[in-house]
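Please read them with the model open.

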Amino acid sequence: MKFRRVRAVARKEFLHIIRDLRSLGMAIAIPMLMLILFGFALSVDVNNVPTVVWDQSGTEASRELLSRFDGSPYFSILSQAQDYTALERAIDTRQALVALVVPSDFAERIRSGRQAMLQMIVDGSDSNTALIALGYAEAICRAYGAEVAIDALRRSGGPSVRVPLDVRSRLWFNADMESRHYIIPGLIAVIMMIIAALLTSLTVTREWERGTMEQLISTPVQGTELILGKLIPYFVIGMLDVLLALLMGEFVFRVPLRGNVGLLLTMSAIFMVGALSIGMFISIVTKSQLLASQVAMTTTFLPAFLLSGFMVPIANMPLVIRAITYLVPARYFVSLLHGIYLKGVGLEVLAVEALFLTVFGAAMVLVAYWKFQKRLT
């Protein structure tokens, strides 16, 4: 293999990219656009859940409880209803996801020391939001009930009560519990997987469709030199996309990068080589730009989005699906990004993921080279 030939092929590919503004736009603008759209649109935070209230009690005790809901960041009381029909209409029209009903004897039961009831009606069509909202409501009610019980005991002249368990929560790595801090690093991996495979999936097929592959074959350029020469330009563009994504994560989405930047870029480079080689392999096999782009999208987007642990925890998947995830390279890259981005850990913790990612990158380069050699013969 001669570097001069690799440089000539790479220069030819660079010139093609520069002259084809559509390819250059797809390579740089589309990843940034996808990061912005998905970054602002995807969120699993449950805040300001629209709530409608029917306060049948109308007392200071009921208003105090409802103020706990309205004062929390999780519920937003929109209106007061006067009957169940109004509650049902608000939920049916999705003006509200939660309805609270305070019974008329609420204050009386509180004063007499009896158990008071609070009815909560939740729109279960959005099961995730409903489950989280129920948990928040139970926490608010438990805190309110404990304060009422302690206050009643103190007024009755009983002994002072001390809470037997003092819970002081401390969150590591994402103290504000913002889902964006978890989503953005994983989103970078998914977008890079898709774009890298799409970019190189059109390189060899374009040569076949334009009839220039025969000319390349007739030159002294070897298969290894041709593959490396075609990978280098897109590798440079891919790493530029990674740098832009890191800058956007820092300055647009305010996601802190706690780990080593050099380690992150190194792992990104290894992942980029493997993803580009996947696209190269698809391009060699299909010989059609349209088919290559469709295959590349199908084989990269769905596995990277669904089976990498980016949106759905792998531990919650069925056993067979969990076994399949080990074949998805984005799984290891997402773990690496989360560890480096959020926890600031290094290879002492992420060595296994880094090893599998390296094996994946090397294997895909070898497979693309083998398939290209076989196709030529």
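1. Ile184, Ile188, Met192, Ile195, Leu199 and Thr200 in H7 are in contact with Leu231, Tyr234, Gly238, Asp241, Val242, Ala245, Leu246 and Gly249 in H10. Contact means heavy atoms within 4.5 Å; helices (H or I, at least four residues) and strands (E, at least two) are DSSP runs, numbered from the N terminus. By class, ten residues of the contact between H7 and H10 are nonpolar, three are polar and one is charged. Ala, Val, Leu, Ile, Met, Phe, Trp, Tyr, Cys and Pro count as nonpolar, Asp, Glu, Lys and Arg as charged, and the others, Gly among them, as polar.

2. Basis of the notes. This is a predicted model, in which local features need pLDDT of at least 70 and side-chain atom pairs count only at pLDDT 80 or more, while totals for chains, interfaces and linings use all residues. Residues are numbered from 1 along each chain as its sequence is written, and side-chain values use heavy atoms, with hydrogens and water left out.

3. Geometry of the pair. The axes of H7 (residues 179-200) and H10 come within 11 Å and cross at roughly 160 degrees. Axes are lines fitted to C-alpha atoms, for helices over the stretch in contact, and angles run from 0 to 180 degrees between N-to-C directions. H7 and H10 are therefore roughly antiparallel; angles under 35 degrees count as roughly parallel, over 145 as roughly antiparallel, 65 to 115 as roughly perpendicular and the rest as oblique.

4. Asp241. Buried means under 20% relative accessible area, exposed over 50%, partly exposed in between (1.4 Å probe, protein chains only). Leaving aside residues up to four places away in sequence, Asp241 touches Ala27, Ile28, Pro31, Met32, Met192 and Ile195.

5. Ala275. This residue lies in helix H11 (residues 261-286) and, at 0% relative accessibility, counts as buried. Not counting residues up to four places away in sequence, Ala275 touches Met193, Ala196, Ala197, Thr200 and Phe360.

6. Helix H1 (residues 3-19) and helix H8 (residues 203-210) pack at about 85 degrees, with their axes 13 Å apart. That makes H1 roughly perpendicular to H8. Lys12, Glu13 and His16 of H1 make the contact with Thr203, Arg206, Glu207 and Arg210 of H8. These residues divide into no nonpolar, two polar and five charged.

7. Helix H6. Its 29 residues (127-155) should span 42 Å at 1.5 Å a residue, and the end C-alpha atoms are 42 Å apart, which agrees; the expected span is 1.5 Å times one less than the number of residues. Thr129, Ala130, Ala133, Ala137, Ile140 and Tyr144 of H6 are buried. The buried residues of H6 pack against helix H3 (60-71), strand E2 (75-80), strand E3 (98-102), helix H5 (106-112) and strand E4 (119-122).

8. Positive phi. Asn48, in the loop between helix H2 (21-41) and strand E1 (49-55), has phi near 50 degrees, a positive value in a residue other than glycine. Arg254, in the loop between H10 and H11, has phi near 60 degrees, again positive in a residue other than glycine. Arg254 counts as exposed, at 58% relative accessibility.
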